[in-house]
Amino acid sequence: MEYKDYYKIMGVAKDATQNEIKRAYRKLARKYHPDVSKEKNAEERFKELGEAYEVLKDPEKRTAYDQLGANWKAGQQGFQPPPDWDAGFEFHGDSFTGGSGASGFSDFFESLFGQAGGGGFQPGTAGGRSHQMRGQDSHAKVFIDLEDAYQGASRGLTLQSTIMGADGRPQIKPRTLNVKIPKGVKAGQNIRLKGQGSPGMGGGNAGDLYLEIEFNPHSIYKVDGADVSLELPIAPWEAALGGKIKVPTPSGMIDLKIPPAVSSGKKMRLKGRGIPAKQPGDFYVTLMIVLPESLSEKEKALYQELQEANNQFNPRRKLGLGK
Amino acid sequence: MQNEIIKSETGIIVEESDRLTLVALCRYCSLPAESLIKMVEQGVIDPIDPSQSYSHWQFSGTSLLRVQTALRLQRDLEVNLAGAVLALELLDEIKQLRQQATYIQR
């Protein structure tokens, strides 16, 4: 087990006042709250912070922890609390409800203070007029490919859930859930799986599992809500003469008819070929004229002929420039 | 500990799910109706037709997610409901701007 330096986690000195600890907690909580933060490992940091604050905000627990810390030397491999380390201390407070749910606190915390309930990134459990309690909802983020949003996908998720052990203490149990992600889902949307959150207490219903969908970045498509777009490179003669061009879309190849004499940057819309959401998106193709890296003598001669064939054309007329 | 494998579960897209009644929203959020009415008054969520009486209110699936986020913000950051609404609105704006930025950059 690893010793946790709660002072370091909260960025406060060992002799910080209770007010300083409170201020530090509020500041860091705003920084790492998973709903607000874009920091990496925000959820992990927030949990760690909650655990540190749980101990340091309570003078009784803080004193006990300080005494323990005095016996611990940096660089020590592993950590075991000395036997009877907590003799003479009594812990109480609203956060020790005897394991009303997953606390998510570390082994280190639990070996010192037992299992805590509440706190952390978990939905509240309001009501509570009876002993029956609905289980907590769980949240996770899932990355899928854009193609999965067109066809639907299956994902195996390993979740840690808390269940009541035979001894009446909560235990962490991993389980694998095979989730079918419905087609038509957009980035940022949430999928609810009924009854797949934490189990309820005293016959209460289980909570739900919420999965937030994110797309893996795609090499050729851009996504904006349900609309998908692609930059399509075309040859100068394709732009001039028009014709049918094979175009990839996330749902397969299509033949796109290009009108003659189109300019680079022109956007074509394929209605309903975006993500097949409730309101299906569109697929946009932006035409980009590209030239071969080098031109042969024959090609150069032909372009010169083109130039002479239309010497009235002024592509920069809109800029107020002459030829 | 043994890893239990559970059969396939099909999820529903919350944002596109059927409308929720006040009762259903209370159940999903484990909240009493008074708390949800307060959230409507503060502008966390809006009923689809606010002219209806409480018992006929209906909410979009997105409302469920907003209520849950507001609860987490209130509990974890010790802000009041008005503060949570402000944070929610700013988060919406940031989300929109980030989406636009990613779209432009790529």
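A residue is called buried if 20 or more other C-beta atoms lie within 10 Å of its own, exposed if 12 or fewer do, and partly exposed in between, with C-beta atoms placed from the backbone. The structure described here is a predicted model, in which local features need pLDDT of at least 70 and side-chain atom pairs count only at pLDDT 80 or more, while totals for chains, interfaces and linings use all residues. Residues are numbered from 1 along each chain as its sequence is written, and chains are lettered from A and ligands numbered from 1 in the order in which they are written.

Chain A contains eight helices and 11 strands; helices (H or I, at least four residues) and strands (E, at least two) are DSSP runs, numbered from the N terminus. Of the 323 residues in chain A, 26% are buried. Two residues are in contact if their C-beta atoms, placed from the backbone, lie within 7 Å. Among contacts in chain A between residues at least 6 apart in sequence, 55% join residues at least 24 apart.

Helix α2 of chain A illustrates how one helix is placed. The buried residues of α2(A) are A:Ile21, A:Ala24, A:Tyr25, A:Leu28 and A:Tyr32. Viewed down the axis of α2(A), these buried residues fall within an arc of 105°, so they line one face of the helix; the arc is that of the directions from the helix axis to the C-beta atoms. An α-helix has 3.6 residues a turn, so residues three or four places apart point the same way. The buried residues of α2(A) pack against α1 (6-10) and α3 (42-56) of chain A. The face turned away from the buried side carries the exposed residues A:Asn19 and A:Lys27. A:Asn19 counts as exposed because it has 8 C-beta neighbours inside 10 Å. Its C-alpha atom lies 8.9 Å from that of A:Lys57, a residue 38 places away in sequence. The length of the helix was also examined. The expected span of a helix is 1.5 Å times one less than its number of residues; the 15 residues of α2 (residues 18-32) of chain A should therefore span 21 Å, and the end C-alpha atoms are 21 Å apart, which agrees.

A nonpolar core is a set of buried Ala, Val, Leu, Ile, Met, Phe, Trp, Tyr and Cys residues joined through C-beta atoms within 7 Å. The largest such core has 44 residues, and those with the most contacts inside it are A:Ile191, B:Leu25, B:Leu64, B:Val67 and B:Ala70. Helix α3 (residues 61-77) of chain B gives the most to this core, with five residues. Domain 2 (138-215) and domain 3 (221-319) of chain A both give residues to the core, so it lies between them; the domain bounds come from an automatic or database domain assignment. Apart from neighbours within four places in sequence, B:Val67 is in contact with B:Leu25, B:Cys29, B:Leu36, B:Met39, B:Val44 and B:Ile45. A second, separate core of 16 residues includes A:Tyr6, A:Ala24, A:Phe46 and A:Val55.

A:Ala261, with a phi of about 55°, is found in the loop between β9 (252-258) and β10 (267-270) of chain A. B:Glu78 has a positive phi of about 55° and lies in the loop between α3 and α4 (81-105) of chain B. With 9 C-beta neighbours inside 10 Å, A:Ala261 counts as exposed, whereas B:Glu78, with 13, counts as partly exposed.
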